[in-house]
Amino acid sequence: METRRFAFLAVLAVIVFFGYQAWQKEYGPGAQGAGSQQANYGRQASMSSSSASTVSQTPLAAPALPSEERPSAIASASSRYVSVRTNTLHVRINLLGGGLQRVVLEKYSVSETNPSKKLVFVNGSSAGPRRPFLVFHQGFSGVKTPVTSPDTVYTAAKSRYVLAPKQKVLEVPLTYENPAGYTVHAIYRFHRGSYAVDLIQTIANHTRHPLQAGPYEIWLRNDVQVGEPHKFAESFFGVGVYEQKGNGTNYGFKKIGLGHLKKNPFSAKQAGGWLAMLQQYFIAVTIPKPGQEVSFSAKQFSSGLLQTQVRGGIAEIKPGANFKFDSTLYIGPKLQGRMDAVAPGLGLTEDYGLLTPVAKPLFWVLSEFHKFSGNWGVAIILLTLLVRGAFFKLSESQYRSMAKMRKFGPRIKELRERFADDKERLNKAMMELYKKEGFNPLAGCWPLVLQFPVFIALYWVLIESVELRDAPFIFWLKDLSSPDPYYVLPVLYGITMWIQQRLSGQTATMDPTQQKLMSVMPIGLAGFFSFFPSGLVLYYVVSNTFTIAQQWVITRRLEKEGLAHR
C-alpha cells in the first residue's frame, strides 16, 4: 500500500511540475503582449536615447536608436548593406550605423517542418506583431555632441565578403570619415566554424584639439523568441549577466527575467564579464575584452522591447592619437560543453536549473554515446539502458519488498485490526514484524526517489540542448526535441506501462476504485506524454521495456524463494 501510494504521488508530482511549466508559459511574468510592439518602435527609439547615457559618470550625447527599427524606413535603406558569408553565418551589415541587420544561422533550420529554410536569428526587418525582432548597434558617443550615430553612413571596400574554403579568418572593415577631422573604423572579424565575431572599434583624432569619445554596443529585441521554443515548457527568456563580485576577480552568473526588467532596470560598472540576451537554444552576447572598464545596462520598455548595452568609459583622445575598444559578439546556439571556451562563465547559460549537477553528466554520457553511434536516438536508448542497469539492484530490492508485503499482507491486516485503537502498539508490532521477517516497506520507494531527479534532469537536457534540436532518430521522428507527430511513442509508452502493471500484480490486491484508477493511468499518461519531446518519451518507452524484462527475471528469482505473486 505504501509503495502504491508513493508511486501515485510521484506521478502526481510529475503532472503538477509540467502543468506549472505550461501555466508559466501562458500566464507567468514572462508572458507579455506584443501586438503593439512594432508600431511603437519609433517612439521607443527616442526613449532609448536617455537610457543610453545613464551608464557613464560623464554625461554623454548619446544618439537615439535608429529610425531603421521602423519597417517603412528599412525598405528605403535596403541598398546600404554588406553581405558576409562564412560556413556558419550569413550576415548582413547595415552601412547606415554599422550595425548587424540580419544574421542567418546556416547550420540550423527554422523548424522540423521547414528544414530547408535556415534560421534567421538577428532580424532587424520584422514587421509582424508576433515575429522575432533582434538587431545590433555599435558606435561612439561624445560629451556634447555624438561622435557617431545610427544614421552615420559607413563605407566598405566591397559589398560582399565570403570566407574561402581554406581561409580561417575573414575581416570586414567599415570606415567613417567625419568632416570635422576624425576617422572611425569598425572591423568585424569572423572565424571559420565559429559563432563568435570579434568587433574592433577604433577612432583616430586628426584634429588639433582633444576629442572625447566612448564606445557603445547595443542589442535590441522584442519579446518573441527566435525559432520554435517548446510549447509545453517555459525555458528562461531574458537577460544573463556575468557580474563582477566586489573589486576582485570573482564573478557570478545572474539571470534577469523580462517582467523584472520592466520595473527594475539593471546597471553595473565592472572590468570584464559579459552581457547576454538569452532564450531557449540561442543567445546574443557582448563580451568586452578582459580588463577594460565597462558599464552594463539592461531594461525593458513598456512596449515589451528589451535592450542590453555595453558601454566603454569616455576617453580623451589627443590630437594625432587613436583609441581602440575590443570586444567579441557571440551570436548563435548554446553548444553544450563548448561555451566556456568562448568566454569564462559562458557555459553557465546552459541552463538546466537546480538539477544541473545531474543534467550535465547525463548530457556528457549522452554525447559520448552519440559519438559512438552517430544517432541521438540510439544514444538515448544506450543511456536508458545504462541508467536502468545502474538501478537494477535497487529495483530488485523494490520488487522483493513488494513481494514480502503481499506475502505478509494478511498478518499486517490482522495487526491493524487488533490494534486499531492503539497506534503506538500497532507501530511497535509492525516494526517487530519487519525486523523478524527481514524487509523494509520503504525499500520499494527508493528506486522511485532516485529515478525522479534523473527523469527531470533528462527532461531539461532534451529541452535545453540545441544539439537535439532537429536531431532525427528513425523514419517519422525527425526532431527528438519535439513531440512525436504521429503519437507512436506515447501509445507505446501506454502499452508498456499497462504490461508492466499486469506483470507486477499491483492491481490484483487493490480495491475496485484503485483498480479503475490504475487501469486509466496508462491512457492518461500516454495522452500527457504526447506533449513531451519525443526523445524523452523514447527514454521512457525503452525504460518500461527494460523494466518488463527485468520484472520477468526478478520474478523467476522470487519464485524460487516462494515470494513471487501468482
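E368 and K371 are three residues apart in helix α5, so about one helical turn separates them. In this predicted model, the two side chains form a salt bridge, with the closest N and O atoms 3.1 Å apart. E368 is partly exposed, at a relative accessible area of 30%. K371 is exposed, at 65%.

The side chains of K360 and E350 meet in a salt bridge with an N to O distance of 3.1 Å. That pair links distant parts of the chain: K360 lies in helix α5 (residues 356-373), and E350 in the loop between β20 (322-333) and α5, 10 residues apart. Which of these two residues is buried, and which is partly exposed? E350 has 6% relative accessibility, so E350 counts as buried. K360 has 33% and counts as partly exposed.

The salt bridge count for the model is 10. One of them joins the side chains of R189 and E171, at 2.8 Å from N to O. R189 sits in strand β9 (residues 182-191) and E171 in strand β8 (residues 169-178), so the pair ties together parts 18 residues apart in sequence. R189 is partly exposed, with 26% relative accessible area. E171 is partly exposed too, with 38%.

The pair belongs to a wider set. A network of salt bridges links E171, R189 and D198. Side chains of opposite charge can pair when their charged atoms come close.

## The nine-stranded sheet

Nine strands make up an open sheet. Their order is β6-β8-β9-β10-β20-β16-β15-β12-β13, and the pairing is antiparallel. The edges are β6 (155-156) and β13 (251-257), each of which pairs on one side only.

Within this sheet, β15 (residues 274-278) and β16 (residues 282-288) run antiparallel and are joined by four bridges. M277 stands opposite A284 of β16.

Is strand β11 largely enclosed or largely open? Of the 11 residues of β11 (residues 211-221), 10 are buried, so the strand is largely enclosed by the rest of the structure.

- Strand β5 (residues 134-141) pairs antiparallel with β11 over eight bridges. F136 has W219 of β11 as its bridge partner.
- Strand β18 (residues 306-312) pairs antiparallel with β11 over six bridges. W219 has T308 of β18 as its bridge partner.
- Strand β19 (residues 315-317) pairs antiparallel with β11 over three bridges. A213 has A315 of β19 as its bridge partner.

Strands of a sheet pair through backbone hydrogen bonds.

Which residues make the nonpolar surface patch of about 830 Å²? They are Y486, Y487, V488, V491, L492, I495, W498, I499 and L503. I495 is in helix α11 (residues 488-504). With 44% relative accessibility, I495 counts as partly exposed.

## Confidence

Mean pLDDT over the chain is 79, and 76% of the residues score at least 70. Over residues 1-9, pLDDT is below 50. This stretch has 18 contacts in the model beyond near neighbours in sequence.

Where pLDDT is low, the predicted coordinates should not be read in detail.

Notes: Residues numbered from 1 in each chain as written. Predicted model: local features only at pLDDT ≥ 70, side-chain atom pairs only at ≥ 80, totals over all residues. Heavy atoms only, no water. Patch = residues over 30% accessible without salt bridge, like charges linked within 9 Å, V, L, I, M, F, W, Y side chains within 5 Å. Areas by Shrake-Rupley, 256 points an atom, 1.4 Å probe, with all protein chains shown as cover. Salt bridge = Lys/Arg side-chain N within 4 Å of Asp/Glu carboxyl O. Helix = DSSP H or I, 4+ residues; strand = E, 2+ residues; numbered from the N terminus. Buried < 20%, exposed > 50% of the residue type's maximum accessible area, 1.4 Å probe, protein only. pLDDT = per-residue confidence, 0-100. Contact = heavy atoms within 4.5 Å. Pairing = 2+ DSSP bridges.
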